[in-house]
Every structure is written in C-alpha cells, then in structure tokens.
Amino acid sequence: MNTAIAGRLGPIFSGPSDSADQKQLFLALFGILILFGALAGALFMRDKYMYSAMVLAIPLALVIVCSPRLALYQFIAVLFLHRVLAPGLTLVDLSATVLMGAAILDTLTRARPSAKASSARPLAYHYLAILVAVGIAGIFAFDPSLSIRQFLRIIFILVSFLSLIRLLKYVQPLEALKFYFWMAVVHSLLALGPFIAAKGAIRTFGFTGRALDELTMLALPLGLAFFLGAKKNRRSLYAMGLVVTFGGLVATQSRAPIIFAVFGIAFTFWAARQFMAQAPTMGNLHQTVATQIQKHIRNILLVSFAFALVILLFSPDVLSAALTRFERLLTFNPGGTFRLRLTLWGSALLAFSNNPLVGIGPGNFKFLGNIYSTLHLDAAHLWIRGLSAHNLLLQYLAETGIIGGSTILALFWRQFSMARRSWRNVLRQEHLSERLTISLGLYSVGALFLLSTLLEAGWMWSQTGFIAAFFLAVISQNFVDTNESVGAQA
C-alpha cells in the first residue's frame, strides 16, 4: 500500500528521478504532517489561531522543501498574495525562502544538472553587477546605513533567481507560465467582483495588494499567445480568461499598467505577423498554422470590440472612473497622483544631476527632503515623503548614479535580447512545437519589462522584484532550450 502511494506521489512532488528511499522519505514527511495537522486542529478549536497556523506551517514547509515542483508552484501562487507578517517581512519573502531551501536541498542531494544550468549565468552576472553597484554607491551614500537593506534585498532576489533556474528543470516553462496565467485569471475575478458591484467607483486589487496591475499586465500577452496557439477545444477558455484578466486590470484603474498592457497585446500581434510573413517559405504546415493565427487575431479583435461596445452601451458607469483618470493625463495642469509622480521624477533628476556618478546612496531617496531642504517649498512634497521615485531607472540614477543606472539598463536590455533571440530561433526551426507559443509570449513580456523600466516600474523591489525574477528565469531557460533546438537542427 505504501509503495503504491509513494509511486503515485513521487512524480507529482519531486520529479521523475526519485529513488525508493526518497519516496519513503516523502511518506514519512506526510505522516509528520498529519500529526502536526491534528495538533494544529486542536489549537484551532481552542481559538489559538496564530499558534495553530505556526504549528501547521512547519511540516508543510518541510514537505514543500523536499518537493521541487511544489516549491516552484507555491512560489508562483504566493506571488499573487500580499500579506505583511511583520515589519519588513511579507508572505512572499517566506515563500522565496522555502524556494531557496528546495533549491539548496536539490543541489545537495541530486546529480549535477545538465548544461542548461548555464542559462543562469548571463542574467545572474547582471544581478551581481547591480549588487556591486549598490555596494559602491552605499559607501558614498548620504546615510550609508540606509543602503544595507537594499543591498540585502538584491542578494535575496539574486538567490531566488538562481533557485528558480535550478528548479525549473522539474517543470516545463509552458507549464509554469500557464499556471501563472490562470492564477492571474482567478485573482482578476476576485478583484472584478467588487469593482462591478461598486459600478467602478473604487479601485480594487483583491488579495494581491498593489501588485495586481503588474501581474495582470504581464499575464495578458501570455494569455494572448496561449490563445493563438491553443487547440479548438481550449480556445474559448483562453478567450474568457483574457477578458477576465483585462477586466481585473481595469479594476485597478492603474493607468501606466493599462497602457503597457495594450502595448504588450499590440506587440504580440506584431510578432505573430512576423511568423505569418515568414510561413510561406517554411512549408505547408507553417502556412496552415499562419492562416489559423490570422483568423484567431481577427476573431479576438472583433470579440473585444463587441464586448467593449456592450459595456459602453449598457453599463458605462463601470468604466467612467477609469476613463476619468486617463483624462487627467491630457492636460497642461496635471493633478492627482500624476502630479505627484511628476514631482517624484523631478526630485530624482535633481538628485542625479547633483551626484551623477554614484548618486545619493541606496535607500536615501525616501529621505530626500533631509538632503535638499528647498524641496519643502513645494507643497506636493508633503505628499511624497517616504515614497520611491515610481520609476526604476530614475530611482537607480538618483540613488546609485550612472554606475547603478547602467547596470539596471543592462539587465533589462539583456533579458529582452534573450527573449528576442529565442523568438527568432523558433522562427528558423523547420518543425513547429510548443516553443512557438512560449517564445511569442515571452518576447512580449521581455518588451514590457524593458519599456516599463524606462518609464515606470519597480522590478527590483519587494513583491515585484520576485515577479521579475520568475519571468527572467523562464526567459533564460527558454533561451537555452531554443538555442539547443537550433543547434540540434543544424
């Protein structure tokens, strides 16, 4: 009986290479989990909720650490949950710690991975360069003590990235990306309900905190790529997922992510047309697929137009608040949060112009008023004290100068270059595969990362930093896979 159970659980929790001893270890861990679960249940019945959660979390974390697949999936799932557990500690931080534990255990107990592990090197070196730049800028900072936390945060993100690279050998990139997309659909639905109930009068983010706009922004071009490459019986499902995800993004009323998402969708269409233009020279199968994609593009555009028209005709109030926020951008006298962003960007440029080489120091931008007392003369400064620059590039230019800003640009240009190279490699292949869908979606995601870094993003901070680490790891893995495919074909 135990052997049968272990045989079933092994491939699910730890991959195809488990030995009998490892399966017995999994069974023992599940037995421990049952015991801890009983104790947690007893504490819960006595209204000891916090202690019950702590007791249950210990064996659960041990089980996840021993399961590379579970570790990766729980990390993706927790990316959509924002919960502050203590000052400076969030649920995503704990999830990343479990991910690292799984990667360390896998490194110690399993054979050395194949040459695919080298996919980590290009972007890992860029992360390392950012770490060095932050360290140098921290030495010359206005207050060096404020730089320590940011330095440690980048180390944490770097190790998370390397852990993702290690564990992605147990999960196919397409499988991980589809899980991410459907998680975005679920959380978009949770945010969309209150938004519709309030007739668009409130901004809703569900359980994700403020990160829902970035999460759905990246999910939309992925979902569109899945839709274009889906079989007939799955196409309607992806279409509904796209509608819900875009609705969740609209519910956040976040202007920049909505604009970026529209760009990502348009970019996906443009890249798909590259395939359609090249298909006639590649054979009958490519030509057939290209014709199908062209038909799918036409259908999704017609459905989107019809859906938007129905909302505008029968429930215009749902979109009126979001449209009003966009109207504030089209004025020579900007107000609201856009006015505050302009103040933040101007302050960042001031700090950079006075310290162009190493900036004012990592972590010092939030206390910029202590460095430049004249900023207090602007009434808007009262509302932005303690905030970031709301622009990744400007933030790094202000805090780390040219040495830090250049490393940020290098990282996000490199990931875009890898995503573009993967897409071009797929276009040159004689045989069609699922990599066409993966590379199309990641090409658009890579473009979004680069564009948002230049204009408005926070891909090195807190929750969004882990989101970027996940996608950059998948882009790295897909880059190596497509290179191997091209090499094998040659």
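1. Accessible areas here come from the Shrake-Rupley method with a 1.4 Å probe. On that basis the protein chain of this predicted model has an accessible surface of about 23,300 Å², of which 68% belongs to carbon and sulfur atoms. Of its 490 residues, 50% count as buried.

2. Secondary structure and contact order. The protein chain has 19 helices and 2 strands. Among contacts between residues at least 6 apart in sequence, 78% join residues at least 24 apart. Several of the points below give individual examples of such links.

3. Nonpolar cores. The largest nonpolar core holds 110 residues, and the members that touch the most others are Tyr 180, Leu 218, Trp 459, Met 460, Phe 470 and Phe 471. Helix α19, residues 462-489, gives the most to this core, with 12 residues. Another core, of 13 residues, lies apart from it; Leu 344, Ile 360, Phe 365 and Leu 397 are among its members.

4. Leu 218 in detail. Residues up to four places away in sequence aside, Leu 218 touches Tyr 180, Val 445, Leu 448, Phe 449, Trp 459, Ile 467 and Phe 471. Tyr 180, Trp 459 and Phe 471 are also named with Leu 218 among the core members that touch the most others.

5. Aromatic pairs. The count comes to 23 aromatic pairs. Trp 270 and Tyr 443 form a tilted pair, because their ring centres are 6.5 Å apart and their planes stand at 45°. Trp 270 belongs to helix α11 (residues 255-278) and Tyr 443 to helix α18 (residues 435-455), so the pair ties together parts that are 173 residues apart in sequence.

6. A second tilted pair. Phe 412 and Phe 449 have their ring centres 6.1 Å apart, with 35° between the planes. Since Phe 412 lies in helix α17 (residues 392-428) and Phe 449 in helix α18, the pair ties together parts that are 37 residues apart in sequence. Phe 412 is buried at 0% relative accessibility, and Phe 449 is buried at 0% as well.

7. Ring cluster and a charge over a ring. Ring pairs join Phe 412 and Phe 449 with Phe 80, Tyr 180, Trp 459, Phe 470 and Phe 471 into a cluster. Of these, Tyr 180, Trp 459, Phe 470 and Phe 471 are also named among the core members with the most contacts to other members. Separately, Arg 414 lies over the face of Phe 479, at 5.9 Å from the ring centre.

8. Helix α10. This helix covers residues 232-252, which is 21 residues, and reaches 32 Å from its first C-alpha to its last, close to the 30 Å expected at 1.5 Å a residue. Buried residues in α10 include Tyr 238, Ala 239, Gly 241, Leu 242, Val 244 and Thr 245, and also Gly 247, Gly 248, Leu 249, Val 250, Ala 251 and Thr 252. Just after α10, Gln 253 takes a positive phi of about 55°.

9. Two further residues of helix α18. Thr 437 lies in helix α18 and counts as buried at 15% relative accessibility, the cut-off for burial being under 20%. Leaving aside neighbours within four places in sequence, Thr 437 is in contact with Ala 225, Phe 226 and Gly 229. Leu 455 is also placed in helix α18, but is partly exposed, at 44%. With residues up to four places away not counted, Leu 455 touches Phe 260, Trp 345, His 390 and Asn 391.

10. Gln 150, a buried polar side chain. Gln 150 lies in helix α7, residues 147-167, and is buried, with a relative accessible area of 13%. Beyond its neighbours within four places in sequence, Gln 150 is in contact with Val 134, Pro 362, Gly 363, Tyr 396 and Glu 399.

11. Asn 370, on the exposed side of the cut-off. Asn 370 is in helix α15, residues 368-371, and counts as exposed at 58% relative accessibility.

Note on methods: Residues numbered from 1 in each chain as written. Predicted model: local features only at pLDDT ≥ 70, side-chain atom pairs only at ≥ 80, totals over all residues. Heavy atoms only, no water. Phe/Tyr/Trp six-rings, centres within 6.5 Å; stacked < 30°, edge-to-face > 60°. Helix = DSSP H or I, 4+ residues; strand = E, 2+ residues; numbered from the N terminus. Buried < 20%, exposed > 50% of the residue type's maximum accessible area, 1.4 Å probe, protein only. Lys NZ or Arg CZ within 6 Å of the ring centre and 35° of its normal. Contact = heavy atoms within 4.5 Å. Expected span 1.5 Å × (residues − 1). Core = buried A, V, L, I, M, F, W, Y, C linked by side-chain atoms within 4.5 Å.
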